[in-house]
Amino acid sequence: MNALAATSRNFRQAARLLGLDSKLEKSLLIPFREIKVECTIPKDDGTLASFVGFRVQHDNARGPMKGGIRYHPEVDPDEVNALAQLMTWKTAVANVPYGGAKGGIGCDPGKLSISELERLTRVFTQKIHDLIGVHTDVPAPDMGTNPQTMAWILDEYAKFHGYSPAVVTGKPVDLGGSLGRDAATGRGVLFATAALLQDYGKSISGQRFVIQGFGNVGSWAAQLINEGGGKIVAVSDISGAIRNPNGIDITSLVKYVKDKRGIKGFPGADPIDANSILIEDCDVLIPAALGGVINKENANEIRAKFIIEAANHPCDPEADEILSKKGVVILPDIFANSGGVTVSYFEWVQNIQCFMWSEEKVNGVLKTYMTKGYNDVKEMCKTHNCDLRMGAFTLGVNRVARATVLRGWEA
Ligand SMILES: NC(=O)C1=CN([C@@H]2O[C@H](COP(=O)(O)OP(=O)(O)OC[C@H]3O[C@@H](n4cnc5c(N)ncnc54)[C@H](O)[C@@H]3O)[C@@H](O)[C@H]2O)C=CC1
Ligand SMILES: O=C(O)CCC(=O)C(=O)O
């Protein structure tokens with residue numbers, strides 16, 4: 001199912017559970033603004049290359065719009081729209097004072113040199129600089145982008161509006177980035193998983209984990225789960241997939257990936273078919289790469305008892321129904337991966353206050369937010385007699401709806 005159709009379906013179901021007025025429902029669904037820009041750069045060999053960049057600003061009822069920028073060949077308007085909408089509900093679930101946005105460029109960052117990526121990022125920033133800002137829309141990294149990308153956006157933005165580090169988050173620490181932001185999404189996944197397992201009388205230690213994706217989110221989740229005593233039995237990335245039923249040595253794998261730029265060929269595990277990663281035998285499955293990977297084609301074959309959505313929209317609604325019948329518990333993206341945007345909020349606050357927090361403080365306050373978020377989601381599950389996905393959606397949608405009504409519509 002198309003990402004936008006899936007996300008909007010979940011939203012509509014939550015709106016029904018909340019009994020929202022149909023006109024309010026419509027107004028919450030339509031994006032605030034959709035930006036599509038042409039980005040042409042000279043490549044290193046002198047030829048021209050043209051790309052399409054997007055920024056969808058979905059909602060700003062609760063504060064400046066917030067969300068990552070993705071560089072990936074499959075970036076398209078519907079996908080960015082869905083991701084922007086998810087950010088609106090996610091920031092509300094996390095209870096950080098933001099709305100939602102997302103951006104992206106349809107490109108393969110692995111096929112561009114560093115200088116080509118820099119030129120592309122600068123051209124994209126030139127096209128959108130008037131529409132982003134500390135109190136309007138604050139970008140951050142997502143798939144295919146990283147702190148360096150944010151540094152280029154910051155620098156290009158400064159040429160038009162002056163130096164203003166809070167215009168992006170997920171920056172390098174040397175430019176005002178927050179300690180702990182790099183690991184924050186993975187750390188949030190750890191806290192969220194621990195809270196869920198505790199409800200089932202289990203803990204991280206003793207569980208067997210499978211992780212799809214070994215980039216920022218997947219590799220940090222793997223390292224922190226490993227430190228917490230969890231056994232990671234299979235991992236995949238774009239280069240391939242590996243399995244070791246006795247547990248993969250994650251510290252060595254992180255070093256290997258840094259060196260070889262992929263997990264393929266890692267000597268401490270056996271290669272497996274990349275398509276089978278999601279149906280590997282495990283207790284907890286953590287998709288941490290692309291959206292839509294768990295769908296009606298493979299949901300029946302999933303062997304995990306718990307799915308933690310570190311990626312955005314990895315499960316489509318048809319898979320949700322199949323998995324629910326099988327008794328698989330899904331911790332939804334808009335809560336499970338909210339650690340990233342939560343620490344982005346801490347970074348923004350630190351930049352505005354010109355005061356830097358210690359990493360211990362960042363991690364400690366993140367834990368407080370994730371614990372509160374989990375309890376708030378469960379409270380909505382009780383109120384509306386629904387699963388965790390609808391618990392999170394009703395929580396987020398209700399907070400945005402209340403802010404929207406309070407602000408009103410009179411011109
Ligand atoms: N970076 C962040 O702070 C946040 C990221 N997310 C979501 O987490 C997911 C991963 O994002 P990042 O780790 O930041 O991206 P990344 O670019 O750092 O890493 C992506 C990983 O996915 C792998 N991958 C790509 N295509 C794949 C495929 N077909 N099969 C298996 N692996 C594949 C890549 O090889 C890489 O290991 C995305 O869905 C993103 O939207 C969600 C919240 C915050
Ligand atoms: O850190 C942020 O502002 C947004 C991260 C993001 O794109 C996401 O949560 O999907």
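R261 is found in the loop between α8 (250-260) and β9 (270-272); helices (H or I, at least four residues) and strands (E, at least two) are DSSP runs, numbered from the N terminus. R261 is not a glycine, yet its phi is positive, at about 65°. With a relative accessible area of 73%, R261 is exposed, a term that stands for over 50% relative accessible area (1.4 Å probe, protein chains only).

The model before you is predicted: local features need pLDDT of at least 70, side-chain atom pairs count only at pLDDT 80 or more, and totals for chains, interfaces and linings use all residues. Residues are numbered from 1 along each chain as its sequence is written, chains are lettered from A and ligands numbered from 1 in the order in which they are written, and side-chain values use heavy atoms, leaving out hydrogens and water.

N385 also has a positive phi, near 50°, and is a residue other than glycine. The loop that holds N385 runs between α12 (359-384) and α13 (388-407). N385 counts as exposed, at 72% relative accessibility.

I turn now to ligand 1. Where does ligand 1 lie? Domain 1 (30-165) and domain 2 (183-336) both give residues to the shell around ligand 1, so ligand 1 lies between them; the domain bounds come from an automatic or database domain assignment. At least two residues of that shell come from each of α6 (181-199), α7 (216-227) and β7 (231-237).

A backbone N or O atom of A289 lies 2.7 Å from an oxygen atom of ligand 1. For N216, a backbone N or O atom is 2.9 Å from an oxygen atom of ligand 1.

Notes. Polar contact = N/O pair within 3.5 Å; in protein donor to acceptor, adjacent residues only side chain to side chain. Buried < 20%, exposed > 50% of the residue type's maximum accessible area, 1.4 Å probe, protein only.
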